Amino acid sequence: MGGAAVIPLSLAAVAEITGARPHLVTDPAATVDTVVIDSRAAGPGALFAALPGRRADGLDFAPDAVAAGAVAALAARPAGVPTLVVPDVPAAMAALASAVVARLPGLTIAGITGSAGKTTTKDLAAQLAERLGPTVSPYGSYNNEIGHPLTILRVTAATRYLVLELSARGQGHIARQCEIARPSFGIVLCVGLAHAGEFGGLAEVARAKGELPAALPAGGVALLNADDPRVLAMAGRTAARVVTFGRGPQAVVRAAGVRLDDQGRPGFTLVTPEGSAPVRLRLFGEHNVTNALAAAALAGELGLALPEVADGLSAAVARSRWRMEVTQRPDGVTVINDAYNASPEAMAAAIETLAVMARGRRSFAVLGPMYELGDRSRAIHEQVGGQAARAGVAGLIVVGEDAAPILAGAKAEGSWHGELLWVPDVGGAVEAAAARLTPGDVVLVKAAHSAGLERVALALTGEVAQ
Ligand SMILES: Nc1ncnc2c1ncn2[C@@H]1O[C@H](COP(=O)(O)OP(=O)(O)OP(=O)(O)O)[C@@H](O)[C@H]1O
Ligand SMILES: [Mg+2]
């Protein structure tokens, strides 16, 4: 991750904010204006946060960072160079992020949570907010205990909007992120099965996501998906004004006349209290209509005029990779790389989009496992197999031991006559798909991130060697 641009603070101020013990610090007045975690990104004005890595300890790179101009290291132990010593480096980064936000009362913060679509919606919302003023938002899904503060630390005195993705692996996670930088606008997209196993069920997922509306101030706005009863119920957990979005007629911000073009890109009329305007998304898949409505509802509340909202949505591109990323090969094969992640909802949405894009063409699905589904895992994988079969794929290539129940689900679909295949790994999947694809075919590649199926898609598009 590259440099971060915090508003200038003296080392003494940073030490005070983080409760650090200075070690070998000779110039407490030296100015910090960026925080980096990679010594190669360090330069004059940088504070190098030394984190323990998987292969190396960041502390070992502190001398490199200082040699490159960094003012000091922020580390758990003295690093042999000027160091602000703190017991917990991520916690110190969070404290610093909070302090920076507190110094910028003109900054408007929006948080986005939900079981699926956070990154997509965040990227859409950020592209709309940029039309109103300088905007900071995370790269990709970079929103863990390091990424969250680092993103916030990129704001400067010129930043007007901070659009954050808030994710939870358990109760209290979102509340904690909201304490670091309190949003006044909060979107909740859906309560779904992603990570539901870890949470212990949908009610628990709803409780965790509801921490965002609960954190909003009375002057804020909670943007809630009216199509999801568990999300709509969060209206009772917020002091903020509620604005709904969704596909149903009851939502305040909704879509009329949704249709997909032959590539699976949705077009619709955006309907808001301000009026209606036509939108044609560049993103693929009908599920993105909901994400676009959420972003539109937020942008409208931020003060962006309806024509600008509609125009911005139509111009917005997918910024984060491997989410329904569509590549046209020179030979006419279409590769849909949706290997970033796979919740049951996302899997269903992707197969639905494949079916639309495949009208009149042969389609293939290369599907790997979904994780963190608890004891419903087998049944959910079987359902996915059934759905792929009903979508009429010419071939279903199931990747890996953990995805094997998909086979049973597809087999149970008696009227389907496509080819069903199991391969053990990425290499097998590339080989099987490459051998079957002929000009004009369309292939979807999707699984949990950890299955690494983006390598299948990248091999099929020629971005990496097969
Ligand atoms: N509204 C939606 N309903 C169902 N699936 C969706 C929706 N929005 C996005 N998806 C699918 O979910 C997957 C992840 O999308 P995205 O990265 O936007 O979600 P996320 O909530 O940020 O995920 P993560 O929890 O990994 O950060 C993609 O495969 C995408 O196609
Ligand atoms: Mg994400």
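Which strand do 4 bridges join to β18, and do the two run parallel or antiparallel? The partner is strand β22, residues 442-446, and the two run parallel. Strands here are DSSP E runs of at least two residues, helices are H or I runs of at least four, and both are numbered from the N terminus. Two strands pair if DSSP finds at least two bridges between them.

Some ground rules. This is a predicted model: local features need pLDDT of at least 70, side-chain atom pairs count only at pLDDT 80 or more, and totals for chains, interfaces and linings use all residues. Residues are numbered from 1 along each chain as its sequence is written, chains are lettered from A and ligands numbered from 1 in the order written, and side-chain values use heavy atoms, without hydrogens or water.

Stay with β18, residues 334-337. Asn-337 has Val-445 as its bridge partner in β22. β18 also pairs with strand β17, residues 325-328, in the antiparallel sense over 4 bridges. There, Thr-327 stands opposite Val-335. The hairpin of β17 and β18 has 5 residues between the strands, and Gly-332 takes a positive phi near 90°.

In a regular strand the side chains alternate between the two faces of the sheet. In β18, both faces are covered. Thr-334 and Ile-336 are buried on one side, Val-335 and Asn-337 on the other. Buried means under 20% relative accessible area, with a 1.4 Å probe and protein chains only.

Next, a helix pair. Helix α16 (residues 426-436) and helix α17 (residues 454-461) have axes that come within 9 Å and cross at roughly 35°. Axes are lines fitted to C-alpha atoms, for helices over the stretch in contact, and angles run from 0 to 180 degrees between N-to-C directions. Val-426, Ala-429, Val-430, Ala-433 and Ala-434 in α16 meet Arg-455, Val-456, Ala-459 and Leu-460 in α17. Contact means heavy atoms within 4.5 Å.

Now the other sheet. It is open, with 5 strands in the order β2-β7-β6-β5-β4 and mixed pairing. β2 (21-23) and β4 (34-36) stand at the edges, each with a single partner strand, so one side of each lacks a neighbour in the sheet. The twist averages 25° from one strand to the next. β2 pairs with strand β7, residues 83-85, in the antiparallel sense over 3 bridges. His-23 stands opposite Thr-83 in β7. Helix α1 (residues 11-18) packs on this sheet, touching β2, β5, β6 and β7. Helix α3 (residues 89-102) lies across β4, β5 and β6, at about 115° to β6.

Technical notes: Buried means under 20% relative accessible area, exposed over 50%, partly exposed in between (1.4 Å probe, protein chains only).
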